[in-house]
Amino acid sequence: MSANIVFIGLGNMGLPMAQNLVKAGYSVSGHDLVKASVDKLVQAGGKTGADSMAAVAEADVVITMLPASRHVESLYLGDQGVLASAKKGALLIDCSTIAPEAARKVAAAAAAKGFAMLDAPVSGGTNGAAAGTLTFMVGGPAQAFEAAQPYLQKMGKAIYHAGESGSGQTVKVCNNMLLGILMIGTSEAIRLGVANGMDPSVLSEIMSKSSGRNWTLEVYNPCPGVMATAPAAKDYAGGFGVDLMLKDLGLAVESALATSSAIPLGAAARNLYDIHSKNGAGGLDFSSIYNLLGKVK
């Protein structure tokens, strides 16, 4: 375990991912604007420093988990950014969910400087991040994909090479559009059952063994009191935020416009999450859309 890893972006997903690399025995230097998150990584055995780019200059592997395309482009492409600071031969892995076009832009700039770079967004939520069972959707050169295996395998269980640079992001955009649609549909179904006198736990159990079964119903149930491990049991705290889902659905709409693709349900889901966010729920888990649907009479 001699690789020196720098992990930038220790949010709800990034922190447990970095902690799993520490648990695996890697030397991990963590960096985030929120000091409390950095402190948690240090408490788990990681390290940090005031200058993230100084750490990048010594890193064998740089992993990033950031909110949006603009953050990734700024971090990698800036005059004092990752591409300007990383040492020759460093492997660059971006696990953020961003526009495929942005991923291709950064990867092209990395290749021009001689770096191997992967876009490797994830699925599985905060529980999957903590358990090390994430799904990785990876775009980029096959050789870089193979080189990344030792690190990805410590953070995930299902690791797929989707194709060339940007392909991982394309898969993630499609997946999260479907996830948003499924969460709304699951919430609607449970709300309808409850309105007709059903116990939501009984309803969910039966549907999970029927043709309506899906991940949001079985693993991430949006109704409070049904699933103790779901964000709904914690007042929708933590997890995958409404504003992040809104961002991803916006990426889907942008991609659909660029390719003249029809996504009527995806667009409707984006509109509902936009309303939910504007009602003040932007920081709650995306399963809290269940509450918005309860206000519709």
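Tutor: Let us begin with exposure, for which a cut-off is needed: a residue counts as buried under 20% relative accessible area and as exposed over 50%. Please keep in mind throughout that this is a predicted model.

Student: With that cut-off, is Asp235 buried or exposed?

Tutor: Asp235 has a relative accessible area of 66%, and because exposed means over 50%, Asp235 is exposed. This residue lies in the loop between helix H11 (215-218) and H12.

Student: What should I look for in the backbone there?

Tutor: The general idea is that most residues other than glycine have a negative phi. Asp235 is not a glycine, and yet its phi is positive, at about 55°. Ser260, which follows H12, likewise has a positive phi of about 55° although it is not a glycine. Ser260 sits in the loop between H12 and H13, and with a relative accessible area of 71% it is exposed.

Student: How should I read the helix H12 itself, and which of its residues are buried?

Tutor: An α-helix has 3.6 residues a turn, so residues three or four places apart point the same way. Helix H12 covers residues 242-259, and its 18 residues reach 26 Å from the first C-alpha to the last, close to the 26 Å expected. Its buried residues include Val242, Met245, Leu249 and Ala256, and the buried residues of H12 pack against helix H9 (167-195) and helix H13 (264-281).

Student: Which residues does Gly168 touch, leaving aside those up to four places away in sequence?

Tutor: Gly168, which is found in helix H9, touches Asp119, Pro121, Met137, Val138, Gly139 and Ala162. With a relative accessible area of 0%, Gly168 is buried.

Student: How are the strands E7 and E8 arranged?

Tutor: Strand E7 (residues 134-139) and strand E8 (residues 156-163) run parallel and are joined by six bridges, and one of the pairings is that of Phe136 with Ile159 in E8. Together with helix H8 (residues 142-155), the two strands make a right-handed β-α-β unit.

Definitions and conventions: Residues numbered from 1 in each chain as written. Predicted model: local features only at pLDDT ≥ 70, side-chain atom pairs only at ≥ 80, totals over all residues. Heavy atoms only, no water. Helix = DSSP H or I, 4+ residues; strand = E, 2+ residues; numbered from the N terminus. Expected span 1.5 Å × (residues − 1). Buried < 20%, exposed > 50% of the residue type's maximum accessible area, 1.4 Å probe, protein only. Contact = heavy atoms within 4.5 Å. Pairing = 2+ DSSP bridges. Right-handed = clockwise from strand over helix to strand, strands pointing away.
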